[in-house]
Amino acid sequence: MQPEHLLDPASALIVVGGTLLATVLRCGAGDCLTTVVALGTLLRRPFDPERARSDMAVQVQEIRQDGVIRSRPAPTGDAEFDEATAMLIGSRSLGALQLAHAAHKRRRIETSQRAVRTFIQAADLSPVFGLAGTLVALNQLPPLDQPGADFAAAISMAVLTTLYGLLLGNLLFTPLARVLARRAADEERDRQAVIDWLERQVADALPHGERPHGERPHAERARHAVDVPA
C-alpha cells in the first residue's frame with residue numbers, strides 16, 4: 001500500500017469544500033458558529049461536580065450557620081451556580097434556585113442540540129459530495145477510441161472522492177456528533193446532582209421551610225404508602 005496514492009488535493013477540495021459549503025447553506029452561519037464553539041469545549045476539562053461542591057462549600061456553610069437572610073453571594077466562577085445562589089439568597093426560595101438552573105440548562109441543551117444537528121447534517125452531506133466528485137471524475141474520462149488515452153487519473157479521482165466522502169462522514173462528523181451529545185448528557189447529569197445537593201444543604205436554613213425538589217412531606221409519603229396496593 002502506498003499512502004501517497006490516497007492524497008489528491010482536487011478530490012479533497014470537492015468533497016471537503018462542498019460538504020462545508022452545503023452545511024453552512026443548510027444549517028446557517030449561526031448554527032455553524034455555535035458548532036465551532038461547542039467543538040472548542042471538547043478541548044477543555046469536563047464539568048467536575050466534586051470541584052463545584054468544593055467551590056460552593058464556604059457559601060453553603062455560611063447559609064447554614066447564619067441563615068439565608070444574612071448571607072451574601074460568593075462567586076465561584078461558574079455562571080450558573082453564581083446566578084442560582086444569588087437568586088436563592090435574594091428571594092430566600094428554592095424555587096428561584098430551580099428557575100435559574102432550568103434557564104441555564106435550557107440554553108446548554110439548545111446549544112448542544114444545534115451543534116449535534118449540524119454535525120449530523122455534515123455527515124449526511126459528505127457521501128453525497130463523494131458521489132458528486134465521482135461523477136465529475138468520470139466526466140473527465142477520455143474517449144475510449146482515443147489512442148494512448150490515460151484513464152488512470154480519472155479513475156483514481158473517482159475512487160478517492162467516494163472514499164473521502166465515506167471517511168469524512170463516518171470517521172469524523174458522526175463521531176464528533178456523538179461525543180458532543182455524550183459530553184452534554186454527562187454535564188447535565190452532574191450539574192443536576194450538584195443542584196440537588198445544594199437544595200438539601202440549604203433547605204433547613206430557608207425561612208419558609210421549603211423542601212428540596214422531589215422530596216415529599218412525611219404525611220404525604222405515609223398517605224402515598226397507604227394508597228399503594230399490596
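**Figure 1. Overview of the chain, with 7 helices and 0 strands.** Helices (DSSP runs of H or I, at least four residues) and strands (E, at least two) are numbered from the N terminus. Read from that end, the order of elements is α-α-α-α-α-α-α. This is a predicted model, in which local features need pLDDT of at least 70 and side-chain atom pairs count only at pLDDT 80 or more, while totals for chains, interfaces and linings use all residues. Residues are numbered from 1 along each chain as its sequence is written, and side-chain values use heavy atoms, with hydrogens and water left out. The chain has 230 residues, of which 35% count as buried; buried means under 20% relative accessible area, exposed over 50%, and partly exposed in between (1.4 Å probe, protein chains only). Its accessible surface is about 13,900 Å², computed by the Shrake-Rupley method with a 1.4 Å probe, where for residues only the protein chains shown count as cover. Carbon and sulfur atoms hold 61% of that surface. Among contacts (heavy atoms within 4.5 Å) with a separation of 6 or more, 75% join residues 24 or more positions apart.

**Figure 2. The largest nonpolar core, with 21 residues.** A nonpolar core is a set of buried Ala, Val, Leu, Ile, Met, Phe, Trp, Tyr and Cys residues joined through side-chain atoms within 4.5 Å. The residues with the most contacts inside this core are I63, F81, L88, L94, L97 and L198. Helices α3, α4, α5 and α6 (152–202) each supply at least two of its residues, and α6 gives the most, with 5. Beyond its neighbours up to four places away in sequence, I63 touches V68, S71, L88, I89, V202 and A205.

**Figure 3. The aromatic pair of F47 and F81.** Rings of Phe, Tyr and Trp (its six-membered ring) pair if their centres lie within 6.5 Å; planes under 30 degrees apart count as stacked, over 60 as edge-to-face and the rest as tilted. The count by this rule is 2 aromatic pairs. F47 and F81 form a tilted pair, 6.0 Å from centre to centre with 40° between the planes. F47 lies in the loop between α2 (29–41) and α3 (49–66) and F81 in helix α4 (residues 79–91), so the pair ties together parts that are 34 residues apart in sequence. F47 is buried, at 17% relative accessible area, and F81 is buried at 2%. R191 lies over the face of F47, 4.3 Å from the ring centre; a charge sits over a ring if NZ of Lys or CZ of Arg is within 6 Å of the ring centre and within 35 degrees of the ring normal.

**Figure 4. T23 in helix α1 (residues 9–27).** With a relative accessible area of 5%, T23 is buried. Leaving aside neighbours within four places in sequence, T23 is in contact with G28, C32, T118, A122 and L125.

**Figure 5. L39 in helix α2.** L39 counts as partly exposed, at 32% relative accessibility. F119 and L176 are touched by L39, not counting residues up to four places away in sequence. The C-alpha atoms of L39 and V116 are 10.0 Å apart, and these residues are 77 residues apart along the chain.

**Figure 6. S112 in helix α5 (residues 94–139).** S112 counts as buried, at 17% relative accessibility. A polar atom of the S112 side chain lies 3.0 Å from the backbone oxygen of I109.

Key. Polar contact = N/O pair within 3.5 Å; in protein donor to acceptor, adjacent residues only side chain to side chain.
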